[in-house]
Amino acid sequence: MNRGQGALCWAALLGVAVVAVWAAQTGSGGPHSHRVVLPEPAPASAQWIVDTVTPADARPKQCPAPTLATLAVLDSDGHGRAEAFWLVDSVDVCWAVISANGARSVGFGSIDGLTTDRLLPFDSGAGGDWYTVTAFHGRVENLTVTGDTDHVLGPVGTRTVDLGSGELVTFVSYGIRIPEGDQDLALFLCPPVGDCRDTSFHPFDSHRRGDRG
């Protein structure tokens, strides 16, 4: 091997080493992603949620199986209905809506996508109950749903997570009861300060965010 060939080989090896270090530091989600550790695990009473979405056929292939250490529960009525999420990293998130009759919707997407996408509810399969999981940048408290509030199921559930370097995201869930007759519902998710987000329900929307795949 001559000197020129040797230099090229060393350059190639150095390039591989740099890529390996970069991958180890950034993880599989890209150069700006990193693992996020929740300050406290979900309670032991949430183990049934973990068990429900752990099977590989119960969640998108991009979603790792959750654990109590990675799961955050937005709302639950015990061992029946729940809305929860777990972070893949600081960029992507998985979320789940589980109903008392065993129906479940598990979705995968970017955190930024949840903060900007048009909000579409998940059919829980429980007597016309539909639930939305979404997110807001920053710490947002005291969110309310306005509009056709007669169809809103209970208060809004929230959980604020620090993605690192003080970047906060508030994950949100709430439920609505769909009236008979395929009626549109005018609904708006409103923070105490700032613009409301249009969360109106239109029964003929053909696309449902969060389909498994």
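A residue counts as buried when its relative accessible area is under 20%, as exposed when it is over 50%, and as partly exposed in between (1.4 Å probe, protein chains only). What you're looking at is a predicted model, in which local features need pLDDT of at least 70, side-chain atom pairs count only at pLDDT 80 or more, and totals for chains, interfaces and linings use all residues. Residues are numbered from 1 along each chain as its sequence is written, and side-chain values use heavy atoms, with hydrogens and water left out.

**The overall picture**

- The protein chain has three helices and 11 strands; helices (H or I, at least four residues) and strands (E, at least two) are DSSP runs, numbered from the N terminus.
- Read from the N terminus, the elements go α-α-β-β-β-β-α-β-β-β-β-β-β-β.
- Of the 213 residues in the protein chain, 42% are buried.
- Take the contacts (heavy atoms within 4.5 Å) between residues at least 6 apart in sequence: 54% of them join residues at least 24 apart.
- The accessible surface, worked out by the Shrake-Rupley method with a 1.4 Å probe, where only the protein chains shown count as cover for residues, is about 11,200 Å² for the protein chain, and carbon and sulfur atoms hold 55% of that surface.

**The four-stranded sheet**

- Strands β1, β2, β3 and β4 make an open, antiparallel sheet, in the order β1-β2-β3-β4; two strands pair if DSSP finds at least two bridges between them.
- The edges belong to β1 and β4 (104–110), and each has a single partner strand, so one side of each has no neighbour in the sheet.
- From one strand to the next, the twist averages 15°, with axes being lines fitted to C-alpha atoms (for helices, over the stretch in contact) and angles running from 0 to 180 degrees between N-to-C directions.
- Inside this sheet, β2 (residues 82–87) pairs with β3 in the antiparallel sense over six bridges, and W86 sits opposite C94 in β3.

**The three-stranded sheet**

- Another open sheet has three strands in the order β7-β10-β11, again with antiparallel pairing.
- Its edge strands are β7 (144–147) and β11 (197–198); each has a single partner strand, so one side of each goes without a neighbour in the sheet.
- Four bridges hold the antiparallel pairing of β7 with β10 (residues 187–190), where V145 stands opposite L189 in β10.

- Strands β8 (residues 152–162) and β9 (residues 168–177) run antiparallel and are joined by eight bridges, with D162 opposite L168 in β9.
- Five residues lie between the strands of this hairpin, and G164 there takes a positive phi near 120°.
- L163 is found in the loop between β8 and β9, and it counts as buried because its relative accessible area is 3%.
- Although L163 and S90 are 73 residues apart in sequence, their C-alpha atoms are 5.6 Å apart in space.
- Setting aside neighbours within four places in sequence, L163 is in contact with H34, V36, L87, S90, I111 and V169.

**Two disulfides**

- A disulfide is a covalent bond between the sulfur atoms of two cysteines.
- There are two disulfides in the structure, each called as a pair of cysteine sulfur atoms within 2.5 Å, and numbering the bonded cysteines in sequence order gives the pairing 1-2, 3-4.
- One joins C63 to C94, with an S to S distance of 2.0 Å. This pair ties together distant parts of the chain, 31 residues apart: C63 is in the loop between α2 (47–53) and β1 (71–76), while C94 is in β3 (residues 92–98).
- The torsion about the S-S bond of C63 and C94 is about -110°, so that disulfide is left-handed; both cysteines are buried.
- The other joins C190 to C196, also with S to S at 2.0 Å, and its S-S torsion of about 115° makes it right-handed.
- C190 is buried at 8% relative accessibility, whereas C196 is partly exposed at 40%.

**Back to R81**

- R81 has its place in the loop between β1 and β2.
- Its side chain makes a polar contact with the side chain of E83 (2.4 Å); that term means a pair of N or O atoms within 3.5 Å where, within protein, one must be able to donate a hydrogen and the other to accept it, and residues adjacent in sequence count only if both atoms are side-chain atoms.
- Not counting residues up to four places away in sequence, R81 touches W48, D75, S76, I98, S99, A100 and Y131.
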